[in-house]
Every structure is written in C-alpha cells, then in structure tokens.
Amino acid sequence: MQPTLQTVTSADGTRIAFESSGDGHPVILLGGAFNDRTTVAPLAAALAPAFRAITYDRRGRGGSGDAPAYAVEREVEDLAALIEQAGGSASVFGHSSGAILALEAAARGLPIARLAVYEPPYVVSDARSRPGDDFAGRLRALVEQDRRDDAVAMFLTEGADVPEQVVAGMRSEPVWNWFTGLAHTLPYDAAVSGPGQSLPAGRLAGITVPTLAIGGDRSPAWMLEAVRAVAEAVPGARHLVLPGQDHGVLGEPEALRPALEDFLA
C-alpha cells in the first residue's frame, strides 16, 4: 500500500507534510541538505515491515509550508509536532545535517525513544577547513539575489568540502536542477549545523537518549572523525562504521536496514 500524504501543524502554524507506512514502533526519518521526504522514502520502505516509518518534508521543502523568518527552534518544533502525531514518542534517524537537527532535538528534551545518526557534518579537526561564521548569511544573500547556482556551489565547496572541480562537473548533470530547486533551504541547513560546523560537545553531553552514531568506511576522513566525536560526546552512545558505504547511503537502504532494525528494536 502506498503511503498517503498527510499534514501536521507545527507550533508556529506552519503545515508540515509527512507520509507514514508500516506498523509498530514509529521511526521518523530526517534528510539533510538537498533532501525531502522522497529521498528517504526507500529507507522507509525497507524499515516499514518492522516499524511505522515516517518521512516528512522539512519546512520550505516539498509539500510543507514555511515562515518569513527561520530559526532552528522552528525545525525542532516541527519534529515535536510529528512525534506528538505519532503517539507522543518516536525513534528518530537523521542523515547529514538532518542528523545534527535530530541531535539538537534530543538535546532539547524531545520525547525520542532511540536516536540513530549518520555522518552529522561537524568539523572536529584540521582535516578540512571550516566554513566562516557568516556562512548562513552569505548563503541567504545569494538566495535573495536569486543566485541559486552560486548558493549550491558555495554550500557544496564550503559546507560539504566538495572540491571545486567536482562541483563544476556536477553543474551539467541532471541532479543540479534538483539541487538548485532546494537552494532556498540551504541557509537552514547551515544554521542547523551551527557556526563553523563546530561540535557542540557540551549540549551533546546532555543527551540521555540511547544513541547510535554511524559512518561509512568510504566517506572522507573528516566525516568519520565527526561520527566518532559524536559517539564520544553522547553518554553511552554506540559507534558503527558500515563497510562499503559513503555519505550517499540513503541510496543503499539495505545497507542501513540491519543496523537500524537491531538498534531501534
């Protein structure tokens, strides 16, 4: 059965679109930059036989609404509304900046039963340069000038550490149109990741939710360092590295499914 698109109202009145499939304990799946509910749908389908898998469009994306002013707190409230709709408690899986959002939600005390995160893009060493503290503001300025291609290129090179020559080659690929279509939400992901994408070790130390931090052994070293740092910062967190995987793991849901089923169960 195909999941049906539904909406829930967040605390500020914004409507958030979501889909639900399967039965059992609810698991909410969060994508990062350049993602909406469709990009995490394959993972939801893989988990649905064992869980009630919920995918949603973060505000400003897909079928969800938005507000004139953005704040990370509003996205935490969006997730809170989804958890309430799911029955008052749910497990959460977050990918990339969606993983950081999930960690922030757990640190702020949302009723999350279990938390699994995949490669939150913190920068924890000098393995790569940090984006400037004005990164989100510069992205927002490009979007306001309708320079969406430039915003995407800046996010990829400064935020994700993708080499400029690789980004230049991506401009001629079909996926670039998808990227530019979501360019207006890139300042949101930059804000979620925080100034310099620094690890907020103090906040993470306050998380009491059972947590699993996952990385792929084909991902860049700085991402694997971030995963390890999260596992060390969150009390009692487990650390897992998946063989043969990289940051694009959402395209390989069967690689994630066994680990998530085992942990979330």
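How many bridges join strand 2 to strand 4, and do these strands run parallel or antiparallel? In this predicted model, where local features need pLDDT of at least 70, side-chain atom pairs count only at pLDDT 80 or more, and totals for chains, interfaces and linings use all residues, four bridges join strand 2 (residues 15-21) to strand 4, and the two run antiparallel. Residues are numbered from 1 along each chain as its sequence is written, and side-chain values use heavy atoms, with hydrogens and water left out. Helices (H or I, at least four residues) and strands (E, at least two) are DSSP runs numbered from the N terminus, and two strands pair if DSSP finds at least two bridges between them.

Within the antiparallel pairing of strand 2 with strand 4, S21 has A53 as its bridge partner. Strand 3 is likewise joined to strand 4 by four bridges, but here the strands run parallel, and P26 is partnered with R52. Strand 3, helix 1 and strand 4 together form a right-handed β-α-β unit, right-handed meaning that, with the strands pointing away from the viewer, the path from the first strand over the helix to the second runs clockwise. Strand 4 (residues 52-56) is largely enclosed by the rest of the structure, because five of its five residues are buried, that is, under 20% relative accessible area, as against over 50% for exposed and in between for partly exposed (1.4 Å probe, protein chains only). From this strand, R52, I54 and Y56 point one way, whereas A53 and T55 point the other way.

F34 lies in the loop between strand 3 (26-30) and helix 1 (41-47) and counts as buried at 8% relative accessibility. Q197 lies in the loop between helix 8 (186-193) and helix 9 (201-204) and, at 4% relative accessibility, also counts as buried.

Pockets were located on a 1 Å grid over the protein atoms alone, a pocket being an open set of points where a 1.4 Å probe fits, with protein on both sides within 12 Å along at least five of seven lines, and lining residues having an atom within 4 Å of a point. The largest pocket has a volume of about 650 Å³, a volume being the space filled by probe spheres set on the grid points, which are joined across faces, edges and corners. Its lining comprises 32 residues, of which S96, L156, A160, M223 and H247 lie nearest the centre, and helix 5 supplies the largest share, three residues. This lining divides into 16 nonpolar, 13 polar and three charged residues, where Ala, Val, Leu, Ile, Met, Phe, Trp, Tyr, Cys and Pro count as nonpolar, Asp, Glu, Lys and Arg as charged, and the others, Gly among them, as polar. The second largest pocket contains about 200 Å³ of space, and Y70, R140, H184, P187 and Y188 are the closest to its centre of the 13 residues that line it.
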